[in-house]
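Thanks, everyone, for making the time this morning. Let me put the model on the screen, and then I will walk through a few of its elements.

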Amino acid sequence: MHQHAALWLLAFCLTSLSARFWPVLPGKIWIVLLACIVSIIHTHNVKMHIRTTLKAGCRLCGVTNWYVRSKKQFSVLPYLFSGIMSGLIWMASVGHCYLAWQLPAGKIQQDVIVTGQITFTQRNDNGQWLHVALSTLGDRHYFFRPVIGVHLPQNMGELAVHQQVKLMVNLKPASPLMNPDGDSRAKMVSMKMIATGSVKAFGNGSLVSPADSLHYRASQRLQKAGYSRWLVALMTGDRSLLTDKDWQLLQKSGTGHLFSISGLHAGMVALWSALLTSAVISCFARLINAGHNGMNIRLTVAVATLLMTALYAALANWQVPVTRAWLLILLFTLLLIFKVCWSWRHRLLMMVILCIIVSPFSVFSNSFYLSAGAVCVLIFIGWRWKPASYSYFHRIMFVIRAQCLISLFLMPFTLIFFGSVSLLTAGVNLIAIPVITLLMPAGLAGLVLNYNDGLTNTLLDLADTILLWMTQQLSVISPYMAAFDNTGVSGEAAFCLLLSMLLLALPVFRYRKRSAMMLAVPAISFWFPLSTDAWQLHVFDVGQGTALAVSRGNRAVIIDTGPSWETGNALTSTVLPALKAAGILHVDQLIVSHGDDDHAGGVPAWFDRRADHPLELNRSLLSNTNGCQSGKRWRWQGLQFRAMWPEKGNMEDSNRLSCVLLVSGNGYSVLLPGDINRSAEYALLYNNAALNADILLAPHHGSSTSSSMAFIKAVSPSFTVFTSGFYHRWKLPEDVVESRYREAGSVILLTALNGYIQFTLADEGIGVKRYNRDISRRWYDLRTQVSLPQH
């Protein structure tokens, strides 16, 4: 590959990959302007003019000799700039396409008819969660088919992947919860998800056409034959039968990639296809007593492997990781056909470029970076630690070493994308990967037999038995995997750790160890004690509910836990991991304002000692009926906590009698009134309570039953926070309430628009960080693209 072409491709690739982290999207006028510049750069006269200008500039500065020495480097600048601008043009165009797919304002939270194909299903206790690739939404037609996620109630029946459906749905823009260590916005883009909601009507005529694909038929035949969900997931990529407990087991054991169809499985199929094709050709040549040319066999084997992996990709429903692997195999085959010799780094670069062009939304997927990272690590290992010889012993030792090093080098990737790491995954995978490699040909051969008659057979029985045995062993060893969940190490620190490991793996050079140690500092700095000069108020994004924490140093007090749902709660899924990411190690107390689920849904999990929490918890609890009542005062980490409501001795648990808490320190105060109504506000005013505070959590999420003008004037907050869900059906806060706070001169903040909010209260003043504005601003954050409905 020509040096200039390789440089252009590298610049294009790196710029395209950076789109995941862009805070804003270049405007359409900039795209046109950049396209004009790129077309101009590639004209010969302009390139010559650039070089002439650089030479003249060097002469004026008296550095002509330096230009002569650097002339070769200057000659590549046009290609570098062109690659960067081409990457900007491509990904900006993709971004504008994604934003153009979004719901029209008139369709948000309105019943609308959609048609499309089901691409994913997941059963739950109340029905099914579906992904539907849209053909139409109302009178709007889609060519590239974005995706919506909808819940199908159990009483409406059950649907399957690949079915063409016509549904009446109620939708809102797709926006996950936004908290530290819990941000799925990029995942939504990678799935082309534009909206979520629920199915309102499904009946006769809703099923436009039944499912009819190789993937669906194979999956259904395996299920009807009585085989386990593990075999169905491994052979067809249908993971809808796997439960949350199954995924937790796979994550702890570090074997999740074995049951998520990926490039590894395509590589296994390619390996067995190549071996089988070579054996058949060799046997045929011997039968007819004819010699054979190794290069001809190589080409034939490559073409056969390409066809077999394409068949397997169709069986796996052309999932994106398998498609990426198949593109790599296609590239190798084309290089063989046209007799082009590229280095491994050029092949990798071209593979990434093909993925960016064919599936640009995969740039936002974690699996893309894990796959590309694994390939890069393999190439690096092959370059750095070549086998001493090609004997079977040295090859086996090289494979074992490569597996251990891959597990080691991928640890920072798992920290970046999953926030967890297991130290013993290398040993487990050393056994599990060969087992799966041997099972794949037997399982696929059995699948062919099963596909014809739909009955059980010995090959599938053997594969299923071994898989069940292996998963049982994984469940036994998973508690001893030395797994660290919710480590709290930031993505930036994990990336620095990866660079440090790569430096140590390189050949010896000056300052290598010092550079590696400096890069490792951010990863280990998490365990350094935090400053106690200031204190923080954390307001978590838990949807329609309230979850707060007050922290100082590495200790915290949680105030309300947020809601619960069928499979979990906000305390364990959001609050504790977010606190861990903020450097908190100990939670000394839980205070619950009242017993409604949107405030106290995580209380059972708080007392569940069997749960594996990421922080050290002191299981004490205060509530409006147990200790958090008027007159109660205590100090914690130098802060003053004062309960102001309800009256002492209260035994009624209701909104009106929520615990009202005032937290003070460093000359600032925060008032947390729960869900009290106007009568409770008037009672506090009647009792001459000192309500003035710098920060106020709006009572009852901004409902008109609370926030009287007299109460607002008495508190006189500089900041008012509304905890509510994005486009929630209750449509809080109400406009009349929000306008009262604005008239009082208070700065309004909403978790529905900003996600997680952090206040830092220090001697110098109050600092505010909004997640999608100040902490992690992204162009694809749909909360910044729409405004909440007026009411």
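Seven strands make up an open sheet with mixed pairing, in the order E20-E21-E22-E23-E24-E25-E26, where helices (H or I, at least four residues) and strands (E, at least two) are DSSP runs numbered from the N terminus, and two strands pair if DSSP finds at least two bridges between them. This is a predicted model, in which local features need pLDDT of at least 70 and side-chain atom pairs count only at pLDDT 80 or more, while totals for chains, interfaces and linings use all residues. Residues are numbered from 1 along each chain as its sequence is written, and side-chain values use heavy atoms, with hydrogens and water left out.

Back to the sheet: its edge strands, each pairing on one side only, are E20 (633–636) and E26 (747–750). Neighbouring strands are turned against each other by 20 degrees on average, direction ignored; axes here are lines fitted to C-alpha atoms, for helices over the stretch in contact, and angles run from 0 to 180 degrees between N-to-C directions. Within the sheet, E24 (residues 695–697) and E25 (residues 719–722) pair in the parallel sense over three bridges, with Ile-695 opposite Phe-719 in E25. Helix H27 (residues 735–743) packs on this sheet and touches E24, E25 and E26, its direction making about 165 degrees with that of E25; contact means heavy atoms within 4.5 Å.

Elsewhere, strand E1 (residues 111–124) pairs in the antiparallel sense with E5 (residues 164–173) over seven bridges, and Val-114 stands opposite Leu-167 in E5. E1 also pairs with E2 (residues 127–137), again antiparallel, over ten bridges, and the two form a hairpin with two residues between them.

Among the residues making the contact are Phe-413 of H17 and Phe-495 of H20.

Finally, the largest nonpolar core has 87 residues, of which Tyr-98, Ile-148, Leu-171 and Phe-364 touch the most other members; such a core is a set of buried Ala, Val, Leu, Ile, Met, Phe, Trp, Tyr and Cys residues joined through side-chain atoms within 4.5 Å, buried being under 20% relative accessible area with a 1.4 Å probe, protein chains only. Helix H14 (residues 344–358) gives the most to this core, with eight residues.

Conventions. Buried means under 20% relative accessible area, exposed over 50%, partly exposed in between (1.4 Å probe, protein chains only).
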